[in-house]
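Biologist: I'd like to learn how to read the place where two chains meet. Could you walk me through it, step by step?

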Amino acid sequence: MLIILILYLVLAFALFLIPAKLSKFKPLLIAFFHLCLFGFFMTHLPDVAAGKSIDIHQQWIPQLGLNFELRLDGLSMVFALLITFIGFLIFIYALTYMKSYTGTTKFYFYLTLFSGAMLGLVLSADFIQLFMFWELTSVLSFLLISYFNENEQARKAAFQSLFVTGFGGLCLFAAIILIGSIVDSYSLSEWLENAHLIKEDRRYLPALVLVLIGIFTKSAQFPFHFWLLGAMQAPTPVSAFLHSATMVKAGVFLLARLYPILGGTPEWTQVVSLFGALTMLTGSYLAITQIDIKLILAYTTISALGVLVLLLGMDTQQSVKAAMVFLFVHAFYKSALFMLAGYITKETGTRSIDKIGGLIKTSPIGFVIAMIALFSMAGLPPMLGFIGKELIYEAKFDSPWMSTALLIIGVTSNIFMVTIAFLFLFEVFLGQANEGQKKSDSSYKFLLFSPGILALLSLGFGLFPDWLTQLVGPALNIIRMDDVQIKLKLWHGLNQVFFLSLFTVMVGVLLFIHIYKHKQVIRVWQRVNNRIFSINFTKVFSSGLDKFIAFSSKNTQLIQHGYSRFYIITIIVFTSILLIFQLYITRGWEIESTFTLQPFYISGLVLIIMLSVLMSVLSTHRLFTIIAMAVTGYGISLIYLYYSAVDLAITQIIIETLMVVMFVLVLRRLPKFAKLSNRRTKMRDAFIALGFGLIMTFLALKAINVDFNPSISDYFVDNSALKAYGKNVVNVILVDFRALDTLGEITVLTIAALGVYTLLNVKKTKK
Amino acid sequence: MEILLSALTGLLYAGGVYLILRRSILKFIIGIIFMSNATNLLVFLSAGIVPGQPAFVGDAPSDTELMADPLPQALVLTAIVIGFGIAVFTLALKYKFFKATSTDDLDQLTNTDA
């Protein structure tokens, strides 16, 4: 299985190597690869159905306890089959759909990588590794949504989705680390073994909340659902693959994966089902008044994701079974519908439901496919959707918690679904063709292949639900962690669930007829909705972001104001504080040296230097300042001379002389000192400067008692005459022992000299 | 004597900081020179001061215990030269800057292009 993931990577990059002439075969190659993988997983189905799992364990960073672990069990099998099969259909579909666009190699590259990342995600048995695949899918989703990156809306939507899912990803990561710290491992099997430990720990609740934020953002649960609507900017194959069948299901997958570890507590049941129910209702309610066919499908996707989350939250065997069946139901009909929507857009050139009509004449096959898929969505027999819906109703009847409320919400939501299904069918395929509609173009007929297969599956599984048992059964065993035997039937007999279904369909159809006959109803409804739901999540999100950026830039201006002297003041003051602190903790304040003025000529010299420093600082005349500076330098060289540093004295004298010459040369061409600071600034600066000077005085006094490592000096002293044949130790150190350092110093001087030369010689550039 | 010399070092630092905080670029450069002198003196003092015993060794092993420490001297010598390099370079830069902008005020340095 590891090889599969590597193959994905290799194939994705290999796409760039295929010559442009053969570019038609790129999607076919990937599609074929997916078909092979589908076959590969199918061959393991009997093993997995028997309750076995295939594990791969590879050491990755053993020092950190990180391993690369893959596991193919009932749950991951379901997802792996869905990913590979729908992936296969999507690439076939994309071959026709994408042929008129440029840069398709990049598109297939992203899509292939995404498919690999998604497969890696569902196969992961180590949570750190799972998190990496999780983030990879977010990033690739970003790249795919912004595929039409010349479109500003697409860029914005892509950024929004990355922001939301990335935020959720971080929360998830925190949760993984929290739980990891409880059991001291990131391995799925360890977590499963210690599930009771995790639930009892006080870190359980924060971890659960963080996990759920991660899942809700990924699976577009209310109130994070808005990014999925923006994601409809992506090319249709992406919407059909990522934003209905696979990526958004990653949250559902993780919910199912963590069900035996975190589930079963009242917190889990209440929070998860509450958000699921809320999402389910909002999604289906808002879908009715949409005009854009892709947005209608996006809202129903949100609703379906809500159903899945709700079912996994309800925490009964019935509900989990319903969730697994509904997973297939939704994957089949929603991908088919998205691909159909892409086909319709290609045929008519518009996505607005108002401008499309009468497509049954030009595309009877499309009509049949749409009918099957929509009936499955509405939950009408004999489609798979009917079985799914019956199971969901059954689960809600048996729910130990809020059974009636959940039923009412569920029925309401399903009524809307029925209405939407009929509306979609009638508005798009029946009625009059609009005038502006494009003429049918038969070159797109091939687009119907993939949705056709999915529609057939919706019908086939509905008629023969036994096929699904061997897929759903093992998954159920993994989630519920015990052996469950299930049976799926199309006809359950005349029980309360059936009557509820009947009621749902009847009300739904009535609602549809009413809306269809009185078109103005939907317009009024739209206006009412806009009034009630005036909070536009997208707008809230982007304005919040803008405000945050404004706030940050204000803060940055406070710190990075651009005045060098305030930077210097900050540095000086902070250094002073650090020095005081350091002197305080390591040394005392008492001074060990005694104060003397002996010898007097040095004391006199120091006094002269001090006066000249003051003179240099306070003088308003340029020449005085520089002369005083020179006096300081010469004075210091005399101090060096007295205290046994002959070489230093000589160097200092030469340098000082050169410096004065340079200054005087430049001075001729510079203006007089202007009075630039006022009295207050001067006082402030003087205060800071004197404080710093005082601290440095203390530092100098304390530094006298610091011992250098004597052995270094001793070595130089001992070996200067012996090895280097030099008597002046300082000189020998510079030119012999540390000759390379001196070479570096010379280089620095050379560069400085070159810099000066070029600065002074550069001719004025033309303006 | 150490106390007096330390006080001198402190005063040099104070003068340097005060000049660096001025808006005039020429004063700024002089401030840098003061600071580098002060630092040289600080390093020099930290080895302990020994009058009249330069680090010269003869053929016969002399009494090295009393001799001044040569290592800080070597360090300071390098620092003096490098300090000079920096001062001269900033001076040239300042000259060029003045020719381009005709101002000595740091606060006028708002553009990267002349």
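Biologist: How many residues of chain A are in contact with chain B?

Modeller: Start by counting who touches whom. In this predicted model, 93 residues of chain A meet 80 residues of chain B.

Biologist: And how much area do the two chains bury between them?

Modeller: Here we look at the area lost when the parts are put together. For chain A and chain B that comes to about 8,300 Å², with 79% of it on carbon and sulfur atoms.

Biologist: How many salt bridges cross the interface of chain A and chain B?

Modeller: For that, look for a Lys or Arg nitrogen within 4 Å of an Asp or Glu carboxyl oxygen. The rule finds one: A:Asp685 pairs with B:Arg22, and their closest N and O atoms are 2.8 Å apart. As for polar contacts, six residue pairs between the chains make the count.

Biologist: Which helix gives the largest share of chain A's side?

Modeller: That's H30(A), with 15 residues. Several helices supply at least two residues each, including H26 (564–586), H31 and H33 (739–761). Sort chain A's touching residues by kind and you get 63 nonpolar, 22 polar and eight charged.

Notes: Residues numbered from 1 in each chain as written. Chains lettered and ligands numbered in written order. Predicted model: local features only at pLDDT ≥ 70, side-chain atom pairs only at ≥ 80, totals over all residues. Heavy atoms only, no water. Contact = heavy atoms within 4.5 Å. Buried area = accessible area lost by both parts, 1.4 Å probe. Salt bridge = Lys/Arg side-chain N within 4 Å of Asp/Glu carboxyl O. Polar contact = N/O pair within 3.5 Å; in protein donor to acceptor, adjacent residues only side chain to side chain. Helix = DSSP H or I, 4+ residues; strand = E, 2+ residues; numbered from the N terminus. Nonpolar A, V, L, I, M, F, W, Y, C, P; charged D, E, K, R; others polar.
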